Amino acid sequence: DEATARTALGLLKESCSTVVDFADCVGCLLEHEGSGPGEMCRKLQACLALQKASAGDLIAGLGSTGSSIATLLERGMKHADAACRARAANVMLQAGLHSRERDASDAALSVLCRSALYDGENRPFLLSAAWDLLLVHPSSSSVTIRSSRDSSTDAEETTVLAFLLGFLRFGEEDSSE
């Protein structure tokens, strides 16, 4: 369960001297095959623990482990289970909050906003996460997002700030239009 996983990860973190050591210890968990909701949630929880243990952007700072984390986040954001998608979004939020590079925070903000378009179950969390990220990185308010999944279509573009303000203005009922 989640409490046991938190305790185990906390003990593992205490026994490691650096974030990279911690990443190496849980790397096998992150790379382990399996995509069921329970296993994916455990992987994403380990990823979140890694992000919280690091001082900066986790994905950019951990080399080869970073690529497996990026793959894990991508699979988590596309997972059929809403809890898995929410956990992946939380890891994305934490990475954006801790990022010192504007490109990383812009990318995290864009992913959170685009996910809010298509993930109705997690929409309130995704929108509040985007607002939180925007409060920490206000210069990202001008990031452009597309309203279509297909980049080849002629989709409408808007800024992150306009997108978020649109949800405040029209509410969730009218957002599907």
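Biologist: What percentage of the 177 residues in the protein is buried?

Modeller: This is a predicted model, in which local features need pLDDT of at least 70, side-chain atom pairs count only at pLDDT 80 or more, and totals for chains, interfaces and linings use all residues. Residues are numbered from 1 along each chain as its sequence is written, and side-chain values use heavy atoms, with hydrogens and water left out. Buried means under 20% relative accessible area, exposed over 50% and partly exposed in between, with a 1.4 Å probe and protein chains only. Of the 177 residues, the buried share is 41%.

Biologist: Which pattern does the protein follow along the sequence?

Modeller: Helices (H or I, at least four residues) and strands (E, at least two) are DSSP runs, numbered from the N terminus. The protein has 9 helices and 2 strands. Read along the sequence, they give α-α-α-α-α-α-α-α-β-β-α.

Biologist: Are helix 7 and helix 8 roughly parallel or roughly antiparallel?

Modeller: Axes are lines fitted to C-alpha atoms, for helices over the stretch in contact, and angles run from 0 to 180 degrees between N-to-C directions. Helix 7 (residues 102-118) and helix 8 (residues 123-136) have axes 8 Å apart, at an angle of about 155 degrees. Angles under 35 degrees count as roughly parallel, over 145 as roughly antiparallel, 65 to 115 as roughly perpendicular and the rest as oblique. Helix 7 and helix 8 are therefore roughly antiparallel.

Biologist: Is the pair of Phe163 and Phe167 stacked or edge-to-face?

Modeller: A search of the whole structure finds 1 aromatic pair; rings of Phe, Tyr and Trp (its six-membered ring) pair if their centres lie within 6.5 Å, and planes under 30 degrees apart count as stacked, over 60 as edge-to-face and the rest as tilted. The ring centres of Phe163 and Phe167 are 5.0 Å apart and the planes stand at 70 degrees, so the pair is edge-to-face.

Biologist: What is the relative accessible area of Phe167?

Modeller: Phe163 and Phe167 both lie in helix 9 (residues 160-174), 4 residues apart, about one turn of the helix. Phe163 is buried at 9%. Phe167 is also buried, with a relative accessible area of 13%.
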